[in-house]
Amino acid sequence: MKHIVKTRIKALALILALCVSAIPMHAFATTPETHVAVQEDVNTPTVTIIKISDDVTMEDEASTRESKTYVDRNGTLAPGEYISGTFTLSGWFGIGNEFTVIAGAGNTGGSLGFSLAAAYYTIPCNGSAQIITRESGWSAGTYSYSINNPTSNTTGYALKIFKP
């Protein structure tokens, strides 16, 4: 009997350890680092989310109340400079963790580099904002992002990460 109890306790401890080890742990900076050059003649694009319709059904009302902005930044980056930061998702097991990334860069040609967790995207420097990615099902945690300027020009940028 004693052997059966010990075996079951060991199995329970192993299962609990596996569950805890499956939860992602991210070691990112807690405050955003900023390395921004100031230049008045750079055209910084503006990212604006526009309400398309006043027709909100009962199903849409809950999602409208839940909308949230995680990141809303803009500024300028000199050649070789970057900005970085973090945002936190709170829904466990990916439930409710949906977000959209919209970004734009000034009219200087080339492109800026945008990193989100382990993914890398390019932001064309054409003066218009565009959807970079739409994500869903991410687990709870703190995720990092950064924008770098590999071009030879000081470039304006705008970045918005929000829950639709």
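Tutor: Two strands pair if DSSP finds at least two bridges between them, and the strands themselves (E, at least two residues), like helices (H or I, at least four), are DSSP runs numbered from the N terminus. This is a predicted model, in which local features need pLDDT of at least 70 and side-chain atom pairs count only at pLDDT 80 or more, while totals for chains, interfaces and linings use all residues. Residues are numbered from 1 along each chain as its sequence is written, and side-chain values use heavy atoms, with hydrogens and water left out.

Student: Over how many bridges do β4 and β5 pair?

Tutor: Strand β4 covers residues 111–116, and strand β5 covers residues 119–124.

Student: What is the order of the strands in the open sheet of four strands?

Tutor: Eight bridges join β2 to β7, which run antiparallel, and I83 has I147 as its bridge partner in β7. Four bridges join β4 to β7, also antiparallel, with Y145 in β7 as the bridge partner of L116. With antiparallel pairing in this open sheet, the order is β2-β7-β4-β5.

Student: Why is one side of β2 and of β5 left without a neighbour in the sheet, and what does the twist average from one strand to the next?

Tutor: β2 (82–89) and β5 stand at the edges and have a single partner strand each, so one side of each is left without a neighbour in the sheet. From one strand to the next, the twist averages 20°.

Student: Is P124 buried, partly exposed or exposed?

Tutor: P124 lies in strand β5, and contact here means heavy atoms within 4.5 Å. Not counting residues up to four places away in sequence, P124 touches A105, G110, S111 and Q130, while its C-alpha is 6.5 Å from that of L112, which is 12 residues apart in sequence. Buried means under 20% relative accessible area, exposed over 50%, and partly exposed in between (1.4 Å probe, protein chains only). The relative accessible area of P124 is 25%, so P124 is partly exposed.

Student: Is the pair of F87 and F99 stacked, tilted or edge-to-face?

Tutor: Rings of Phe, Tyr and Trp (its six-membered ring) pair if their centres lie within 6.5 Å, with planes under 30 degrees apart counted as stacked, over 60 as edge-to-face and the rest as tilted. F87 in strand β2 and F99 in strand β3 are 12 residues apart, and both are buried. Their ring centres are 5.4 Å apart and their planes stand at 70°, so the pair is edge-to-face.

Student: Which residues form one aromatic cluster with F87 and F99?

Tutor: The count comes to six aromatic pairs, one of which is Y70 with F87, tilted at 5.6 Å centre to centre and 40° between the planes. That pair links distant parts of the chain, with Y70 in strand β1 and F87 in strand β2, 17 residues apart. The residues that form one aromatic cluster with F87 and F99 are Y70, W138 and Y143.

Student: What is the phi of A117?

Tutor: Most residues other than glycine have a negative phi, and most peptide bonds are trans. A117 is found in the loop between β4 and β5, where its relative accessibility of 36% makes it partly exposed. Although A117 is not a glycine, its phi is positive, at about 55°.

Student: Where does pLDDT stay under 50?

Tutor: pLDDT is the predictor's confidence in each residue, from 0 to 100, and the chain averages 75, with 66% of the residues scoring at least 70. Where pLDDT is low, the predicted coordinates should not be read in detail. pLDDT stays under 50 over residues 26–40 and over residues 56–65.

Definitions and conventions:
Axes are lines fitted to C-alpha atoms, for helices over the stretch in contact, and angles run from 0 to 180 degrees between N-to-C directions.
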